[in-house]
Amino acid sequence: MYKIFLYDGTFEGFMCAAFHIISEGIDKDSTIIVSKNEYQPMFIDNVREVQSDLKTFLEIRKEMIKKADNSVFKRIYYAFLSDTKDKEGYILRYLFYVLVHGKKIKYLYSDDIVNTVEKMAKNVSREIGKYMGLIRFCETDKGFLYAKFEPKNDIIKPIAYFFKNRLNEFYWVIHDVKRNKVAIYDRKKVQFLTCDNLKLKVTHQDEMFQMLWKNYFKAMAIEERKNLKLQQQNMPKRYWKYLLEKN
Amino acid sequence: MDILEKLEVLGAAAKYDVSCASSGSKREKHFGIGSTFSAGICHSWTDDGRCISLLKVLFTNECIFDCAYCINRKSNDIKRATFTPQEIADLTINFYKRNYIEGLFLSSAIKNSPDWTMEMLFRTVWLLRYKYQFNGYIHVKAIPYASLDLIRKTGFLADRMSVNIELPSEKSLKLLCPNKTKESILKPMEFITKVAEEEKNFVAAGQSTQMIIGATDDSDYKIINLSQHLYKKFKLKRVYYSAYTPVNNDPRILKVESPPLLREHRLYQADWLIRVYNFSADELFKSKDENLDLEVDPKVMWALRNLDRFPVEVNRASYEQLIRVPGIGIKSARRIIKNRVFHSLEFDDLKKMGVVLKRAKYFITCNGKTFERFLIDLEPEKIKQKLTDKNSLQRPQQLSFFDREVFTSVITGEI
């Protein structure tokens, strides 16, 4: 019978669940880790709920970095943000590999688990890279900058920390419309909340800059080199929905 | 003229400038607005597929010079405009905080005098750095004939500076740019190189240049050879190539129907081989008046002429040998070297590692075996035919996103 571990959906929670499985020597092949929100109970399940605990999280994080290195831990984190189904299963097995192989895990190209986790992480990292450039803020009547997006993966955290460094002088809100999550920055720290309804109006000045940007975007294209296919290859359509210059 | 119209005129006038890199700056960060990102960030892609990273504008398009290939030359009857430093600073800050751009790329036609123009560029950048405490990326042109003192002052505020070399030979320069001399271009270039070597925080992201190709009869050998010198002598970070877009009807310019994009693409590839793969111009070209093969990339071209060096045994070859195999780039070569320590590699392992075998398979063996038996005794012409048959010609691409980490296959120049 499968043992089911429920966690709260956060990365910290997931790592705590993994910690229990690893430290208690539970057989990983008969274990499933699943987020509380996605779990559909069946009466024969052997279910255990794991609490998120910062101390445990930091402990396993330290262990993973010691066994491998920072880049491997970042890979694990990015893979966790992926929207791949059953990501928990792949990452759990990956964690076991890290304990066995350490740093060398980066070169196990031929292993399917390693490969899959690698791909998930790469996909997430690529999407983060794109959105660093493709998120558009507008100035609202409430005096803060506001941006919305609908990423494929759950990347609002790394995106928010990127803008914390970049737009450190401004108040801003980033809104993941698909997941109803917001990141709020008050010139000191970022907070993550859920959000259903936001009523905002952009300022008159902002409308002017929107127009300036749209015109500039058009003016920059060289007619003789027109290549819409290349444009779409670099900037796939799924990014266009909230992209000012493409609307 | 209102700001909307100015931006349209002076943005459009700057679009033939090729560089858009915003990467590689190591300027110290102070308090204030924004930051630079070491890998650079693209913020959009225009309808021609080129990326927008920086607000690329001319300070003015009113020019006292009359270069044959340039849309802004004095003899053209076009709409003219000039920004004020304040206007550009204001646009930059407002675009930046909305995340439209990564910073500013400021170029200019030469109005009044070279010194007047350079002074305006300096004032603009000064406003941004000091009045607005702007920490984003700034690329600014050094104007030929401007005083070196002004160039020096500006360089301490910029991440990157560039002087356009314009054309690949002195003869072509004389023909098409009667107002510019070789010295007027090389002198500031040399100056920037020198100061950058001596001073910290002077053009922290280095110096670049660009040249127009296809407007004169200069060969690819001449172009690549010149680039090689620029990289060696002036330590340039990048040389950009710009396929000539016919904007003027001038008898001195070679007739072109449309910009030679494929040639431009091949030049960028050859440039990578020079800069990253340690090829030399003389190796790539058989004779001195030669052009690159448009049908295959320059590494394949070179390999086909040097088949005696192949096949290379993947499990034994040195790193230097591996990166010279068509289809194996820096990343793949590194993976191969790291991985063959654990076990000897077969073609399947290479595939799983992400090595693209389409080209490589003709030039390598794994444990003595070739990819398919019949691949053993192929002649250059047959390999070339096989490589060009299926996909015929690849679409030419503007590779303007070279410096970016997200496009690792491009950054390592895997060809």
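Predicted model: local features only at pLDDT ≥ 70, side-chain atom pairs only at ≥ 80, totals over all residues.
At what angle do helix α1 (residues 3-12) and helix α2 (residues 85-97) of chain B pack?

View 1. Residues are numbered from 1 along each chain as written, chains are lettered from A in the order written, and side-chain values use heavy atoms, without hydrogens and water. The two helices (DSSP runs of H or I, at least four residues) pack at about 85 degrees, with axes (lines fitted to C-alpha atoms over the stretch in contact) 12 Å apart. That makes α1(B) roughly perpendicular to α2(B) (65 to 115 degrees).

**View 2. Where α1(B) touches α2(B).** Here Ile3(B), Lys6(B) and Leu7(B) meet Glu87(B), Leu91(B) and Phe95(B), contact being heavy atoms within 4.5 Å.

**View 3. The contact between chains A and B.** Chain A brings 53 residues and chain B 60. About 5,300 Å² is buried between them, 58% of it from carbon and sulfur atoms (accessible area lost on being put together, 1.4 Å probe, summed over both parts). Tyr109(A), Arg166(A) and Arg225(A) supply 16% of the area that chain A buries here, more than any other three residues.

**View 4. A salt bridge across the chains.** The side chains of Asp47(B) and Lys246(A) form a salt bridge at 3.7 Å, N to O (Lys or Arg side-chain nitrogen within 4 Å of an Asp or Glu carboxyl oxygen). Between chain A and chain B the count is 6 salt bridges.

Terms used: Axes fitted to C-alpha atoms, helices over the stretch in contact; angles between N-to-C directions. Parallel < 35°, antiparallel > 145°, perpendicular 65-115°, else oblique. Buried area = accessible area lost by both parts, 1.4 Å probe.
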